[in-house]
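Here are some notes to read beside the model. Keep the sequence open and find each residue as it comes up.

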Amino acid sequence: MHLRSSRLRFAAFGATLALLGAPVVFGQIKIYPTESTFGAREKYTMRVPNERQSATIRIEGVFPEGLDVYDFEFKPGWKIEFKKDDKSKIVGAFWIGRIEPYEFVEFGMLAINPKEGTPNMLWKFYQFYEDGFKEEFTAPPDAKMPLRPMPEVTLTPEPSSPKS
């Protein structure tokens with residue numbers, strides 16, 4: 001009887017840990033594709049889930065250095081404001097709208113990847129909720145136990161063309 005009770009408590013503890021960890025694992029802002037090539041024109045898709053009991057009302061994004069984002073997919077019910085540097089280059093954006101609890105929205109962006117530099121492009125995001133809570137996806141992916149890592153896209157060299 002004691003062994004059965006211990007197993008039941010262990011199973012309940014494991015289930016509780018899994019449920020607590022689910023928003024951490026699944027509630028991340030993601031960028032797709034996760035791999036591209038230097039200098040390529042790419043359509044990036046940002047997937048924003050809402051794993052909280054409060055609606056998401058705003059997302060702030062800071063784009064990787066050297067990435068040239070030049071076009072955005074507009075969604076009904078959403079407004080996009082651009083963050084520009086002193087040369088009027090788009091370096092980030094604010095998406096203002098609403099994602100209800102346990103729903104997600106995807107936003108597309110067209111960009112030109114940098115031609116050289118670091119192969120790891122890190123995207124920084126902030127997710128704001130109606131109840132005032134703010135999630136920051138700003139931890140480096142290689143940090144010890146990052147709860148909210150930055151989405152990362154890995155760039156590879158352009159394939160060399162065969163010589164005739």
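1. Start with the charged pairs. The count of salt bridges comes to seven. Keep in mind that this is a predicted model.

2. Look at Arg52 and Asp131. Their side chains meet in a salt bridge, with N to O at 3.1 Å. Arg52 sits in the loop between strand E3 (41-49) and strand E4 (56-62), and Asp131 in the loop between strand E10 (124-129) and strand E11 (134-137), so the pair ties together parts that are 79 residues apart in sequence. Arg52 is partly exposed at 25% relative accessibility. Asp131 is partly exposed too, at 49%.

3. Next, find Lys134 and Glu136. They form a salt bridge, and the closest N and O atoms are 3.6 Å apart. Salt bridges that share partners also join Arg98, Glu100 and Glu130 into one network. Within it, Arg98 pairs with Glu100, with the closest N and O atoms 2.5 Å apart. Arg98 has a relative accessibility of 39%, so it counts as partly exposed. Glu100 is partly exposed at 32%.

4. Now turn to Glu73. Where does Glu73 lie? It is in the loop between strand E5 (68-72) and strand E6 (79-84). Its relative accessible area is 31%, so Glu73 is partly exposed.

5. Which residues does Glu73 contact, leaving aside neighbours within four places in sequence? They are Ile80, Glu106, Phe107 and Gly108. Glu73 and Phe107 are 34 residues apart along the chain, yet their C-alpha atoms are separated by 6.0 Å. The Glu73 side chain also reaches the backbone nitrogen of Gly108, at 2.7 Å.

Definitions and conventions
Residues are numbered from 1 along each chain as its sequence is written. This is a predicted model: local features need pLDDT of at least 70, side-chain atom pairs count only at pLDDT 80 or more; totals for chains, interfaces and linings use all residues. Side-chain values use heavy atoms; hydrogens and water are left out. Helices (H or I, at least four residues) and strands (E, at least two) are DSSP runs, numbered from the N terminus. Buried means under 20% relative accessible area, exposed over 50%, partly exposed in between (1.4 Å probe, protein chains only). Contact means heavy atoms within 4.5 Å. A polar contact is a pair of N or O atoms within 3.5 Å; within protein, one must be able to donate a hydrogen and the other to accept it, and residues adjacent in sequence count only if both atoms are side-chain atoms. A salt bridge is a side-chain nitrogen of Lys or Arg within 4 Å of a carboxyl oxygen of Asp or Glu.
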